[in-house]
Amino acid sequence: MNYDTHYLQLLSASFPNVAAASTEIINLEAILNLPKGTEHFLADLHGESAAFQHVLKNASGNIRRKVSELFKGDIRESERRELCTLIYYPEKKIELIKESEPDINDWYKITINRLVAVCRDVSSKYTRSKVRKSLPQEFSYIIEELMHERTDDIDKAAYVSSIVNTIISTGRADDFIIAICNVIQRLAIDQLHILGDIYDRGPGAHIILDTLRQYHSWDIQWGNHDILWMGACAGNNACICNVLRLCLRYANLTTIEEAYGINLVPLATFAMEFYGDDPCTEFMPKLMKGNTMTEKYQRLTAQMHKAISVIQFKKEALIYHRRPEWQMESRCMLEHIDYERGICTIDGKEYEMRSCHFPTIDPQHPNELTPEEHQLMERLHHSFRVSEKLQKHIKMLLSHGCMYSICNQNLLFHASVPLNADGSLKEVEIYPGRVYSGLELMHQIGMMIRAAFENDTDQDMRLYARDYFLYLWCGKNSPLFDKSKMATFERYFLTDKTTFKEEKGYYFQLRDNEAICDHILDAFNVAGPNRHIINGHVPVHASKGENPIKAGGKLMVIDGGFSEAYHSETGIAGYTLVYHSRGFQLVQHEPFMSAEDAIQRGTDIKSTTQLVELSSHRMLVADTDKGAELRAQIADLRELLYAYRHGILKEKEVKASNR
């Protein structure tokens with residue numbers, strides 16, 4: 001056998017003798033035979049924090065499923081529903097129960113025993129050590145005792161009953177119930193995967209990120225809207241304008257002003273000065289349910305919306321001219337307008353404009369900012385750069401995220417892998433003179449994104465990386481966009497709707513082809529008989545009969561319109577995916593009403609579960625990526641054992657602690 005003696009010496013620091021190495025091998029071999037942990041996949045959250053938090057609390061119905069399996073035939077369906085609501089929202093549900101329950105101590109006893117049963121079930125996939133680390137310190141010992149002792153054991157019935165009675169008599173029942181409900185939520189999901197687009201449209205992106213900051217284990221594959229905010233945070237002024245434009249378009253200023261402290265007063269003042277006599281009809285905000293914006297404020301929002309949009313088109317044009325290799329100079333739309341005739345020329349064809357009121361544009365130099373626009377952008381740029389909370393959230397996205405991920409034979413990315421017409425991987429230039437495709441393209445883009453935030457990056461490369469956020473947002477060959485164009489200007493200003501059309505790239509045209517999906521999986525070195533691609537980005541139109549499961553089950557698209565802005569278009573409120581030890585379950589959600597409604601009436605997100613793929617056997621940790629890691633560790637430890645037993649390394653004595 002060939003040994004890396006230096007590596008084994010390092011390993012011996014953790015396992016200093018035969019006993020320690022043997023114990024760890026026994027432990028790891030046992031873990032391999034535990035059921036696979038449950039993975040939870042979400043995509044395109046778009047600021048819908050209330051729905052996100054509820055889906056997180058109920059694990060896309062996984063908790064409800066376990067409660068039903070445990071208590072079916074024993075308690076009524078209404079009681080099971082009440083128990084689920086308690087698990088999701090323990091603090092508020094307890095308050096309601098105490099207002100109406102005549103015998104609260106009896107309710108405590110029944111409820112604690114039921115919650116212990118649920119906790120025992122959701123913890124069954126984990127080692128005692130891992131469960132112990134998930135327990136709140138103040139109740140750790142008590143929860144462990146209750147989970148591992150049963151009332152149907154005659155010898156322990158009095159012992160268990162005494163623990164429960166003492167919890168109640170010492171006035172700790174509420175705190176204990178809240179603690180164990182949180183443990184159930186924690187153990188119901190082992191790993192959370194977010195396939196991009198936390199930001200934009202809805203008002204709670206910052207709440208989602210604050211929630212994730214406390215979450216035990218999660219990762220994200222960046223989406224185009226995340227990249228836009230990352231670009232704004234890095235100081236790309238075109239991205240800053242796009243971020244503000246989208247917030248104004250959906251009348252969503254909560255994230256901008258209240259969460260990140262971006263001062264919009266200068267923009268409002270500027271808009272009133274230059275667009276005060278402009279009706280800005282095409283820029284009226286899209287109001288979501290419950291938005292009570294006054295007519296006067298709607299008009300001001302529209303003026304701000306138009307003001308920042310015009311600056312955006314100018315800022316984008318400057319970058320397109322600076323980066324001619326992107327071949328996007330045709331998108332310098334302000335250069336194609338005949339301002340006297342109110343006509344825009346695209347590809348040699350003239351189109352009538354809805355309005356041609358541009359008080360800040362010099363027709364001879366349409367892309368130049370006025371002194372007032374320049375001053376406004378300096379102030380907005382400064383606000384984004386000094387927002388401590390925004391910087392913190394973007395660092396989270398960088399530390400937990402990447403362009404793609406491979407996990408347990410599943411290839412995860414937000415939108416697409418650029419393809420040619422024949423389905424082959426398309427080569428894309430991301431640095432001048434350097435082209436990449438497939439896995440290497442994704443990797444290099446991820447490296448460049450990080451370079452934009454690193455102070456030791458070469459200055460020219462850092463500036464290029466900062467510019468590149470705009471290409472990732474709307475570039476034809478961007479894996480996060482992959483369309484012929486982003487027709488923002490056309491939708492605002494042109495009357496001919498044929499100009500609005502955005503041709504999707506070949507990935508979206510070919511992704512229902514099983515051979516194409518296999519080719520992509522091969523290119524990303526995803527092996528195994530049950531491999532898949534999992535995407536978001538393009539909403540699945542369930543109301544029109546579109547199937548989220550494509551390419552014979554090789555591809556799953558889980559953007560069903562989580563955002564309220566998509567509900568009327570898709571007919572549903574999104575898909576989530578659960579991958580547990582018995583296979584995949586795709587959950588189709590209807591719109592979430594409110595947490596208050598769930599607590600008051602025990603309502604849940606109405607959902608339909610489709611069994612996408614069931615395994616022929618219950619999958620174990622041994623069948624996962626983690627299992628491969630553990631087997632490699634076991635092999636190393638066996639080499640260490642050999643080295644100890646054959647005198648290659650000397651065992652060390654572990655001194656007993658004096659404590």
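Two strands are taken to pair if DSSP finds at least two bridges between them. On that basis, this predicted model contains an open sheet of five strands in the order 8-9-12-14-13, with mixed pairing. Strand 8 (404-407) and strand 13 (549-550) stand at the edges of the sheet, and each has a single partner strand, so one side of each is left without a neighbour in the sheet. Within the sheet, strand 12 (residues 532-535) runs beside strand 14 (residues 555-557), and the two pair in the parallel sense over three bridges. Ile534 stands opposite Met556 in strand 14.

Turning to the helices, seven of the 10 residues of helix 3 (residues 49-58) are buried, so this helix is largely enclosed by the rest of the structure. The buried residues are Ser49, Ala51, Phe52, His54, Val55, Leu56 and Asn58. Just after helix 3, Ala59 takes a positive phi of about 55°.

Ser134 belongs to helix 8 (residues 128-134). Its relative accessibility is 15%, and because buried means under 20%, Ser134 counts as buried. When residues up to four places away in sequence are not counted, Ser134 touches Val183, Arg186 and Leu187.

Aromatic side chains form another theme of the model, which holds 24 aromatic pairs. Ring pairs link Phe283, Phe313, Tyr339, Phe358, Phe489, Tyr492 and Phe493 into a cluster. Tyrosine rings also take part in arrangements with charged side chains, as the table shows for Lys36 with Tyr579 and for Arg434 with Tyr431.

| Charged residue | Ring | Distance from ring centre |
|---|---|---|
| Lys36 | Tyr579 | 4.0 Å |
| Arg434 | Tyr431 | 4.5 Å |

The structure holds three cavities of 30 Å³ or more, and about 110 Å³ of space lies in the largest cavity. This largest cavity is lined by 13 residues, of which Glu316, Tyr320, Arg331, Met486 and Thr488 lie nearest its centre. Helix 17 (295-322), helix 21 (459-474) and helix 22 (488-493) are the elements that give two or more residues to the lining of the largest cavity. Helix 17 provides the largest share of that lining, with four residues.

Methods
Residues are numbered from 1 along each chain as its sequence is written. This is a predicted model: local features need pLDDT of at least 70, side-chain atom pairs count only at pLDDT 80 or more; totals for chains, interfaces and linings use all residues. Side-chain values use heavy atoms; hydrogens and water are left out. Rings of Phe, Tyr and Trp (its six-membered ring) pair if their centres lie within 6.5 Å; planes under 30 degrees apart count as stacked, over 60 as edge-to-face and the rest as tilted. A charge sits over a ring if NZ of Lys or CZ of Arg is within 6 Å of the ring centre and within 35 degrees of the ring normal. Buried means under 20% relative accessible area, exposed over 50%, partly exposed in between (1.4 Å probe, protein chains only). Contact means heavy atoms within 4.5 Å. On a 1 Å grid over the protein atoms alone, a cavity is a set of points where a 1.4 Å probe fits but cannot get out, and a pocket is an open set with protein on both sides within 12 Å along at least five of seven lines; lining residues have an atom within 4 Å of a point. Grid points are joined across faces, edges and corners, and a volume is the space filled by probe spheres set on the points.
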